4 protein chains.
Amino acid sequence: MGMIGGGTGSFIGDVHRKAASIDGMIDLVCGAFSSSAEKSIVSGKALYLPEDRCYGSYEEMILKEKELPADVRMDFVAIVTPNHMHFPPAKLALENGFHVVCDKPMTLTLEEAIALEKIVAKSGKLFALTHNYTGHPLVKQAKAMVANGDLGNIRKIQVQYLQGWLSTAVESTENKQAAWRVDPKRSGIGGALGDIGTHAENLVEYITGLKIDELAADLGRFGEGRTLDDDGNLLLRMENGAKGTMSISQIALGEENNLAIRLYGEKGSLEWHQENPNQLITRWLENPIKIFTPNGNDLYPEALNVSRIPAGHPEGYLEAFATIYKNFVTHLMAVLNGETIEKPDYPTAKDGVRGMKFIYAAVESDTNNAAWTKI
Amino acid sequence: MGMIGGGTGSFIGDVHRKAASIDGMIDLVCGAFSSSAEKSIVSGKALYLPEDRCYGSYEEMILKEKELPADVRMDFVAIVTPNHMHFPPAKLALENGFHVVCDKPMTLTLEEAIALEKIVAKSGKLFALTHNYTGHPLVKQAKAMVANGDLGNIRKIQVQYLQGWLSTAVESTENKQAAWRVDPKRSGIGGALGDIGTHAENLVEYITGLKIDELAADLGRFGEGRTLDDDGNLLLRMENGAKGTMSISQIALGEENNLAIRLYGEKGSLEWHQENPNQLITRWLENPIKIFTPNGNDLYPEALNVSRIPAGHPEGYLEAFATIYKNFVTHLMAVLNGETIEKPDYPTAKDGVRGMKFIYAAVESDTNNAAWTKI
Amino acid sequence: MGMIGGGTGSFIGDVHRKAASIDGMIDLVCGAFSSSAEKSIVSGKALYLPEDRCYGSYEEMILKEKELPADVRMDFVAIVTPNHMHFPPAKLALENGFHVVCDKPMTLTLEEAIALEKIVAKSGKLFALTHNYTGHPLVKQAKAMVANGDLGNIRKIQVQYLQGWLSTAVESTENKQAAWRVDPKRSGIGGALGDIGTHAENLVEYITGLKIDELAADLGRFGEGRTLDDDGNLLLRMENGAKGTMSISQIALGEENNLAIRLYGEKGSLEWHQENPNQLITRWLENPIKIFTPNGNDLYPEALNVSRIPAGHPEGYLEAFATIYKNFVTHLMAVLNGETIEKPDYPTAKDGVRGMKFIYAAVESDTNNAAWTKI
Amino acid sequence: MGMIGGGTGSFIGDVHRKAASIDGMIDLVCGAFSSSAEKSIVSGKALYLPEDRCYGSYEEMILKEKELPADVRMDFVAIVTPNHMHFPPAKLALENGFHVVCDKPMTLTLEEAIALEKIVAKSGKLFALTHNYTGHPLVKQAKAMVANGDLGNIRKIQVQYLQGWLSTAVESTENKQAAWRVDPKRSGIGGALGDIGTHAENLVEYITGLKIDELAADLGRFGEGRTLDDDGNLLLRMENGAKGTMSISQIALGEENNLAIRLYGEKGSLEWHQENPNQLITRWLENPIKIFTPNGNDLYPEALNVSRIPAGHPEGYLEAFATIYKNFVTHLMAVLNGETIEKPDYPTAKDGVRGMKFIYAAVESDTNNAAWTKI
């Protein structure tokens, strides 16, 4: 794996590296960690990389690695830059024969997303988008329960992704994470929408197997001087007639990373919280509440397959993230071995386009005073 | 206290009686428990009432009790009938000199509500509406924290009231509770809106001290053949610019009585769940999460005053309900003694009108495809 | 009901009155609230009692009430005094034809307890001991589950009752509750043992249907100058071979009223917490965790029978306490009507003797450096 | 890193590998995964190791690796075999110049443990014992709070480690994990005591900084035919006069990995649960409950230093385990660089001896009918 972005002090670069390494299937072999060659080398050395595999630009990395012997060069790139720097390196990598793992949202604009989906298809290379929360064993269990009809037809949905870290003007401090996220040039037209809203949208569609048909969005820009949304309240209508709410925020003071979902069907319902990911709470017409745990009793194979350790040993954020990598690399190794895999389970460019459409629909709805808008 | 409605088998009549009796300040002395005199007597006897104080109609009760000596006759009536039978007895009681406790929503129609508020004012009698959830010690604490500025300006609100008991067609069974609630003639134009939505609306406005300025409502009618809403998803805009969501449902399968609220301010935030009412979770910019408990450390007097027993001895639904009665009766006794009370703390006809306006605004919004509608 | 003790400012007297009144079956008609006639009258008036039913001593009350007409005089007495004042009024009341409800521990000494059990038997009157926690619906459910073999043979027990209110020297303040509890003359030989340990012991034996065979107790006296235990750590061996621990404390700083029990059987296990009494957590060999709620799905009749309100409306401490009163008074009314009741479900003098034996065994064990001691 | 044990299908070997790899500081370079050379190669290949670094015995591995160039050979060995195979390879490795990471309990017998501590000292090599739970950020926070006097003098301790996986006779199935754990020849004289009791003992002493002075242990052997304990109930007396209970079990049916601790001091108290490791609940004399989270507000540097990702992104079992490795390897790299580190923070041979003494004391106490026994 080669990494683009993610130099010293980066949050998400470090997360990608740890997630990629947990299962012992992936080695970081090179990186363009910074647009400064020196800084890139400093970052790379701290990661025990040789200097000659630390590049000063993604172009340099992709082109030079391409020239290396097959058993030496990186197999794929992981793109962990701010949103505006997703499309260019993804395109270049794919067009030069490298598979790609890319952070979300997929691109800066919807146009780029649509273009990228085509580039992926044309390249024949693999592309994974790190909607990491779908890697949790109990999210897999939830999806399997819906797919198997345990809950019956879904009627009602509540999803929320609440953070409080932008409650104050942290973008005016030295917080680099905040600075680019409130800047439309680097984030795109969505603020919280892109950063966390796409996770919520992806989680709903992943678990339910249903598309959001239309939405009504009332966005907030509470931080002084912010032009991008830092808060959003949405009504959802699903393709099957289910209705729901989505609440997202980065000014929900005191919330850390409160992503949660509730689904109500005609036969059962379920509830899952990212901050306590090792419980799936389910409710039933005639039975008491049942709580499922990773590697615990009565799970579907989809959940068991991604549980790493015995029940009661909590897995967390990194492990779920690692499962995205693991499923991607498992697919990649199969491809490299000339094998095929049935239904590889990780988010792709298609999900990326979907996420960008969600952002655009929400912004359009908000502009029209929360009018219903199709995704 | 005399009771109108609430015969044998009634849920809410029994609740009112238990709640009224907890603090030893109120005796049930008469009742018109049924529109059948015989049934009324059967119900009354089971409550240890003498036969001659069990009436066959509310008119009979009000007019006959009025003739009894002051130290014998009831001091006030508690109206616990379905919604369509709130206004007539309330009007008659007030106009005949009786104070009134009335279940919510206050009336069948908004017109009745407006009329009743005037009748109350004209009568000079006391009128309490049993929005019982505001009786919880930690709801008082939440209100006091907001009022004292602990949270700063409120920016975001989440409120939900989720039940699942109408997930199936229980109105087709012998469930009397369900039958009238899905019947517009007895419930009014709101289904879940009137039954539980008004509680959610009242809780938000009570705690925040802010009015909902406008709302966008997408109502569901999931039960086959239902004409009234059994589900609702709403966007809220508060008078101070705060935004939020409200989710209500009686088809949220498996939910029992999940009323919950989250408020996010510029300095702090709070979270309260009716099903676990003895915890108030608060979050802060610089401090760890703090959890308050009834009669626990660091409470405001408003919360301490309504905590009955030492910390750690859970109080529940009936105790909160009892606090509405206690505050009402304390006010009543003061009035009877020619005293005055500063800011009596129980919901009144004003809250009742507000609730009816909420229902009407939500139905209007829904009719207009969730267009923003002023309350 | 007549009350002995429980004057203004009393914690437990107020609890008894509220608990007795919830179900509308019991009226307080007289009281000896204080050993001072004037104070007793002040207390009684605040409870809306006529002056002539407020007595200056329990002897006066019992003897004078006895002379009143049957339809006027109290039916039973509730004794809510400190421990040393349980036996004398209980004896006198029983010997004068009154039924008795008595707070726990039953008496000051084991000898008194054994004597009282005989007096009850001889009198033919009813006697209830307010081990109130066994009144919770989910404690009934737990007992029924064990009795029906759902858990299989019980192997392991954890029980704890943790409070922190004696962490500091509150007995040196004006806290009357603390003063008598640390005084052997009024409390007996057990401190925390008597005050809360007996609740823990009773809960274990009630739910499991098993007797504690022997125990090893290591008691703490952490408060300066205290001669009675304010903390205890115990090993338990049950009559069926199950083993366990009991941890009790009144110096567990910050704990409010943390009574909790865990039982592990050969087929299932359960967990219940008094501070969150509306959940019974159960675990199973092959199934996921199941959580039962009052009036919720799949309960045994024993639990449903004592659930007052629909699921999701939390019942608490007072309601459970009220169930002891309700079951006692239901039995009493049956007796007064010449009827019999099968297995009346409230704690009796037999449980009281058991509790005193528990205290004595624990103190003896502690004196012998935690040697195993039979109860 | 070279690994001894931990072939395909091993639970703990896989855990060690994942934990060692998370932080990108450690590469697995060789292994003696099995006593069969072929099986070792199969396991090694699945881990992407070259065949010539997969050895058929630990002796072979240690002696051959020793001959490799310094920049090729392993720096340390990780021993993840059953207990009886800890001492021999640890001794050989240390005596041949390799540092050691060893699973717990440290050895089969106390004698071995004492000998090993001396061998470590003599060798001048580093030795880490994987009491992994002390790697959690909030365990570090708890330790720091005690050390800084926030809780005051500790008075009361509750610790428990409850599992249910040996509730049935799984050792009679193909469960290799169970087979050796119930076999004294491979486990030593402690069953649950060694497997999980030592974790509980270590956690108490790590957080409090206090030694257990003496204990009284009542062990259970509930599984048919088991000679080793599968359950234990203990009383504890700490060197400072604090008292407490320890409850351990592998027959606590339905429990997954319920390690939890509660400490009560004179000024505050705390509570931590391994299954929900991202909350530290604290209670105070005058303040409300405060809950700390990893990377959350108001943490001590000791906790912040080991938090990897922003608050609200749960870390779990593997991350805590990884922290043991990280701290060990950080120390190791310092040593290799000729630097020194102040107070390296990972468990050592001293803790290993302490754990073995705990096992021996508990077994001795149990043999003497739970008599007090010094550790």
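Two strands are taken to pair if DSSP finds at least two bridges between them. In this predicted model, strand S4 (residues 99-102) of chain C meets that condition with S5(C), the two running in the parallel sense over three bridges, and within S5(C) the residue C:Ala128 is the bridge partner of C:Val101.

Both strands belong to an open sheet of five strands in chain C, with the order S2-S1-S3-S4-S5 and parallel pairing. Its edges are strand S2 (30-32) and strand S5 (127-129) of chain C, each of which pairs on one side only, while neighbouring strands are turned by 15° against each other on average, direction ignored.

| Feature of the A and B interface | Value |
|---|---|
| Residues in contact | 45 of chain A with 45 of chain B |
| Buried area | about 3,600 Å², 52% of it on carbon and sulfur atoms |
| Salt bridges | eight |

On the side of chain A, the residues that lose the most area to chain B are A:Arg155, A:Lys156 and A:Leu253, which together account for 21% of what that side buries. A salt bridge joins the side chains of A:Arg237 and B:Asp218, at 2.8 Å from N to O, and 28 residue pairs, both members at pLDDT 80 or more, are in polar contact across this interface.

Elements giving two or more residues to the side of chain A that touches chain B include strand S6 (154-162), strand S8 (231-238) and strand S9 (243-249) of chain A; the largest share, seven residues, comes from S9(A). By class, that side of chain A has 16 nonpolar, 18 polar and eleven charged residues.

Methods:
Residues are numbered from 1 along each chain as its sequence is written. Chains are lettered from A and ligands numbered from 1 in the order in which they are written. This is a predicted model: local features need pLDDT of at least 70, side-chain atom pairs count only at pLDDT 80 or more; totals for chains, interfaces and linings use all residues. Side-chain values use heavy atoms; hydrogens and water are left out. Helices (H or I, at least four residues) and strands (E, at least two) are DSSP runs, numbered from the N terminus. Axes are lines fitted to C-alpha atoms, for helices over the stretch in contact, and angles run from 0 to 180 degrees between N-to-C directions. Contact means heavy atoms within 4.5 Å. Buried area is the accessible area (1.4 Å probe) that two parts lose on being put together, summed over both. A salt bridge is a side-chain nitrogen of Lys or Arg within 4 Å of a carboxyl oxygen of Asp or Glu. A polar contact is a pair of N or O atoms within 3.5 Å; within protein, one must be able to donate a hydrogen and the other to accept it, and residues adjacent in sequence count only if both atoms are side-chain atoms. Ala, Val, Leu, Ile, Met, Phe, Trp, Tyr, Cys and Pro count as nonpolar, Asp, Glu, Lys and Arg as charged, and the others, Gly among them, as polar.
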